[in-house]
Amino acid sequence: MEDVRRTTAWVVTRASHVKVDSSELEKVVDNIQGSIPKVEWNFEGIHYFDNGPLTVQYLFVLDALNFCFWPDKDLSYDHLALGLKAALQNDKSALDADRLQSYTGPELRELLKWPRPLPLEEERVRLLHEVGLELERSFKGEAANLVKSCGNSAVTLVALVARYFPGFRDHSLYKGHQVFLYKRAQIFAADLWGAFKGQGYGRFYDMSSITIFADYIIPAVLRQNGVLKYSSALSSSIDSNDEIAPGSEEEVEIRACTIHAVEKMRELIESKFRKQVLSVEMDLWLWSCGVQNPSLQHHRTLSIYY
């Protein structure tokens with residue numbers, strides 16, 4: 001994860017469309033007195049959990065499909081989490097590796113009880129097939145075996161996921177340099193940690209290495225709080241609901257500056273208030289603030305990575 005921190009920091013020093021406002025960042029930290037409001041991982045009660053391997057399978061499939069809901073204004077992450085949960089409760093084999101390899105778009109819709117084509121539906125189906133095939137080929141069909149092979153290291157788990165499952169390789173080229181972001185691979189480790197409360201399949205000795213997960217909600221929260229400042233052209237595009245191209249300088253800067261800003265907030269909390277805070281805890285807090293604010297204006301990028 002040091003690659004994520006290092007390459008996103010490199011972007012920040014060269015960004016022209018997005019800036020991190022250090023004074024506003026410090027105000028946010030001072031306003032909460034360095035105490036991050038505690039947000040439970042499953043605070044909405046929408047996830048499947050049986051304390052065993054099936055939960056791991058559920059979370060891996062969930063995170064493989066956890067991207068780009070905004071093109072359908074009625075669709076959200078909650079629909080995905082609840083749909084997969086209901087599918088498993090109805091049929092414990094619904095997410096078996098061989099089944100994942102055969103789903104079609106209409107069958108995925110039926111699984112989720114969604115009445116119309118999903119955004120980027122063909123990509124979602126392709127990623128389901130990829131997950132099913134590689135789990136069967138390398139991990140005896142079970143995501144739990146993938147987790148067992150990481151040696152209780154969240155960093156190793158992220159690396160394994162990115163190595164075996166190309167759909168999780170969330171990186172971009174920015175001014176000729178590779179920038180690593182790894183939103184969905186990192187969130188898999190964080191979901192395990194949250195679901196299993198740091199025990200069993202969720203026991204990792206290096207959770208402090210995980211960064212926040214650069215999506216479209218957290219940048220919007222940071223922008224609203226004044227921590228992120230956008231150029232007038234970028235602000236206008238976002239406020240007009242114009243699409244921001246994936247891999248564009250603007251998009252990479254939004255995501256990189258988001259990660260860097262939250263890392264700086266975490267460091268400031270530690271130095272100023274002598275409190276240790278995990279990036280995943282920061283992420284849960286900021287994300288929960290964002291999803292509870294339906295008027296929040298976020299950037300729009302068609303991407304399989306978030």
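In which loop is K197 found? K197 sits in the loop between α10 (183–195) and α11, where helices (H or I, at least four residues) and strands (E, at least two) are DSSP runs numbered from the N terminus. Before going further, note that this is a predicted model, in which local features need pLDDT of at least 70 and side-chain atom pairs count only at pLDDT 80 or more, while totals for chains, interfaces and linings use all residues. Residues are numbered from 1 along each chain as its sequence is written, and side-chain values use heavy atoms, with hydrogens and water left out.

Stay on K197, which has a positive phi of about 55 degrees although it is not a glycine. With a relative accessibility of 62%, K197 counts as exposed; here buried means under 20% relative accessible area, exposed over 50%, and partly exposed in between (1.4 Å probe, protein chains only).

Next select L120, in the loop between α6 (105–112) and α7. L120 is not a glycine either, yet has a positive phi of about 50 degrees, and at 26% relative accessibility it counts as partly exposed.

Opposite S172 stands V179 in β3. The two strands form a hairpin with 2 residues between them, and K175 in the turn has a positive phi of about 50 degrees.

The next stops concern charged side chains. Side chains of opposite charge can pair when their charged atoms come close. A salt bridge is taken here as a side-chain nitrogen of Lys or Arg within 4 Å of a carboxyl oxygen of Asp or Glu, and by this rule the count comes to 22 salt bridges.

Select K27 and E24, whose side chains meet in a salt bridge at 3.2 Å, N to O. Both residues lie in helix α2 (residues 22–31), 3 residues apart, which is about one turn of the helix. K27 is partly exposed, with a relative accessible area of 47%.

Then select K272 together with D30, which form a salt bridge at 2.8 Å, N to O. K272 lies in helix α13 (residues 249–273) and D30 in helix α2, so this pair ties together parts that are 242 residues apart in sequence. K272 counts as partly exposed at 38% relative accessibility, and D30 counts as partly exposed at 25%.

Go on to D239 and R223, a salt bridge in which the closest N and O atoms are 3.1 Å apart. This pair links distant parts of the chain, with D239 in helix α12 (residues 232–239) and R223 in helix α11 (residues 217–224), 16 residues apart. D239 counts as partly exposed, at 43% relative accessibility.

To see several charged residues together, select E2, R5, E263 and R266, which are linked in a network of salt bridges.

Conventions
Two strands pair if DSSP finds at least two bridges between them.
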